Amino acid sequence: MKQRRTGLLLLIGVIIVLALLPMLVNNYWLRIATGALMWAGLACSWNMLGGYAGYINFGHSAFFGLGAYVTALLMGDKLAWPFFATVPAGIVVTALFAIMIGAPTLRLRGAYFAIATWAFAEVLIQFTSVMDFTGGIGGIGLPPFLDERFFYFAMFGAAALTYLITWALFERSRFGLKVKALRDHEPAAEAIGINTSLVKLQTFVLSAVTASVFGAIFAYWVTFINPKSVFGGDITDQMVVMVLLGGLGSLWGPALGGVGLFVVNRVIWMYWGDTAFYIAILGAAIVLVVLFMPNGIAGLFSRDGAKSGAVLDKAVGKVVGDGQGGPN
Amino acid sequence: MSVVEGKTAGAGDPILVVRELYRHFGGIKAVNGVSLEVGRREIAGLIGPNGSGKSTLFSLVSGTVAPDRGQIRFDGHEIGGRKAHAIARLGLARTFQIPAMFDNMSVTENLLAAAAEGHWQGARDRAAETLALLTLDHVADNRASDLSGGQQKLLEFGRVIMRQATLILLDEVTAGVHPNIRKIILEAIARLREHGITFLVIEHDMEMVRNVCDRIIVMDAGRVVASGSFNDIVRNSEVMQTYLGRPQ
């Protein structure tokens, strides 16, 4: 009870600080905070499927990119949609793609699923690189809107909504029980009446559309996108590492990992001017987490501490092969 | 509704009818033309040597594995080849030979998950009752992976109770457990049967089979070789040969 009250007070404090942040920092740090909120939200969206359902998606950037491209195309000179109308359009398009891709690929497990989703993102890179209407490899511009506070609060709102949905659905509802049950033992979940194919697809679609919202805001924010900048594999890689570092399958882990790694990235860039060193830090972070903190940073504060790592074992076991790979 | 009540407890027609069921894995004839019936409210024991096809038969009936051919009729529904979750929703529940835990969930969450599809109303109260019935209340907040092997068997049995099923398939539910846990499970089975629930039980413990089961079905090499009361079975020469081998 006391722990719950402390957690609630901490959460309220964080929300107040985040709400007041534009009045406390300059535009440079506000941009960093905007990016940190985006990565915290993206990591959370990846964690819905990767952490809660145990399906490691290496093509999650595809949905981030779809949201970005739909907004960019609809806001272009020809159509000139207002930004807020493009976000639901991106959600619909992304949901349709997620259903189309998820229905067959979620029949796969482990490395097979990871490769299939990675291939989907690669297909989108190639497609947008050769098509004229997407601007090809050169990319596509958006009408500039240079209000840092707008983008900060847009990312803040999207991230807050993402975490609220995750808390309500995965931590406080029957749906969350079903998702976690299928992660831990799919045949047993089926045997207690859970339609695992449907629950996996629902989770996949939710995870995808959440990422698309951040893609839409990102595109409008940076005013220019190209295939690599929104579909690139490194975007998914970062989400994976952020979640592993923060705590796979936990609510706040992705926020800790997302904010932590992005701020480290920006600080390195600030002092050394390039981010090659950041790649080395990512690698070291993965090794350290797997060896010493299998439940991530969030695990250090949980009842089980950092010792178990069973969710990580399950996820990694599925990818590297534990007899559960291949088509169902 | 009490924690141990099922949906129906009618008499008359058998609750489970299996006809000419086949399932081969390559050259292995795991289930090779099995036909059997289980009556309502009955506790039927399914025995046979290792590799005789008992667990495969459970997987076929519960939908975990699809049959090559044959018929399975449960409570008036043709279920052969249906998905496991669809069969479970009709009122059939099962345990696995090796306890199938939701390792990263707490003991209580394991029970609640079993009620998440179709039996959610009052689930928290029923979970508390089930924990008390199975003496797992002191580990309610522990992770399932932290339980002992015997406690995991109890928890899996608890999940079956939470399903409020009409037919329960138990796969060696008392194998290798402490006598106290075995006693708890047997008492719970007796209580559930009083409420009209039917059991089909795979068991190697002949003492339990004799004390608990109304009828025994014997399998060997993927086929049913005998069926009857315990006394009939122990006098059956074919069954004795199945277990002890043919005289030289």
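Reader: Among contacts in chain A between residues at least 6 apart in sequence, what percentage join residues at least 24 apart?

Author: This is a predicted model, so read everything here as computed from it. For chain A, 76% of the contacts between residues at least 6 apart in sequence join residues at least 24 apart.

Reader: What helices and strands are there in chain A?

Author: Chain A has 15 helices, along with 2 strands.

Reader: And how do I read the radius of gyration of chain A?

Author: Start from what a compact globule would give. With 328 residues, such a globule would come out near 20 Å, and chain A has 19 Å, which agrees. For the outline, the C-alpha atoms fill a box of roughly 55 × 45 × 35 Å along the principal axes. As for burial, 55% of the 328 residues in chain A are buried.

Reader: Let's take one residue. Is A:Asn47 buried or exposed?

Author: The idea is to compare relative accessibility with a cut-off: buried means under 20%. A:Asn47 has 0% relative accessibility, so it counts as buried. You'll find A:Asn47 in helix H2 of chain A, residues 27–52.

Reader: Which residues does A:Asn47 touch, not counting residues up to four places away in sequence?

Author: With those left out, A:Asn47 touches A:Tyr52, A:Val243, A:Leu248, A:Gly249, A:Ser250 and A:Pro254. Look at A:Gly249 in particular: its backbone nitrogen is 2.9 Å from a polar atom of the A:Asn47 side chain.

Reader: Now the interface. How many residues of chain A are in contact with chain B?

Author: On the chain A side there are 23 residues, in contact with 26 residues of chain B. Between them, the two chains bury about 2200 Å², with 58% of that on carbon and sulfur atoms. In chain A, A:Arg174, A:Leu177 and A:Ile192 lose the most area to chain B, together 28% of what that side buries.

Reader: Which side chains meet in a salt bridge there?

Author: Chain A and chain B have 1 salt bridge between them. The side chains of A:Lys178 and B:Glu117 form it, at 3.0 Å from N to O.

Reader: Which helices of chain A each supply at least two residues of the side that touches chain B?

Author: Those are H7 (174–184), H8 (186–191) and H15 (310–320). H7(A) gives the largest share, 7 residues. By type, the residues on this side of chain A divide into 10 nonpolar, 4 polar and 9 charged.

Terms used. Residues are numbered from 1 along each chain as its sequence is written. Chains are lettered from A and ligands numbered from 1 in the order in which they are written. This is a predicted model: local features need pLDDT of at least 70, side-chain atom pairs count only at pLDDT 80 or more; totals for chains, interfaces and linings use all residues. Side-chain values use heavy atoms; hydrogens and water are left out. Helices (H or I, at least four residues) and strands (E, at least two) are DSSP runs, numbered from the N terminus. Buried means under 20% relative accessible area, exposed over 50%, partly exposed in between (1.4 Å probe, protein chains only). A polar contact is a pair of N or O atoms within 3.5 Å; within protein, one must be able to donate a hydrogen and the other to accept it, and residues adjacent in sequence count only if both atoms are side-chain atoms. Contact means heavy atoms within 4.5 Å. Buried area is the accessible area (1.4 Å probe) that two parts lose on being put together, summed over both. A salt bridge is a side-chain nitrogen of Lys or Arg within 4 Å of a carboxyl oxygen of Asp or Glu. Ala, Val, Leu, Ile, Met, Phe, Trp, Tyr, Cys and Pro count as nonpolar, Asp, Glu, Lys and Arg as charged, and the others, Gly among them, as polar. The radius of gyration is taken over C-alpha atoms; the globule rule is 2.2 Å times the number of residues to the power 0.38.
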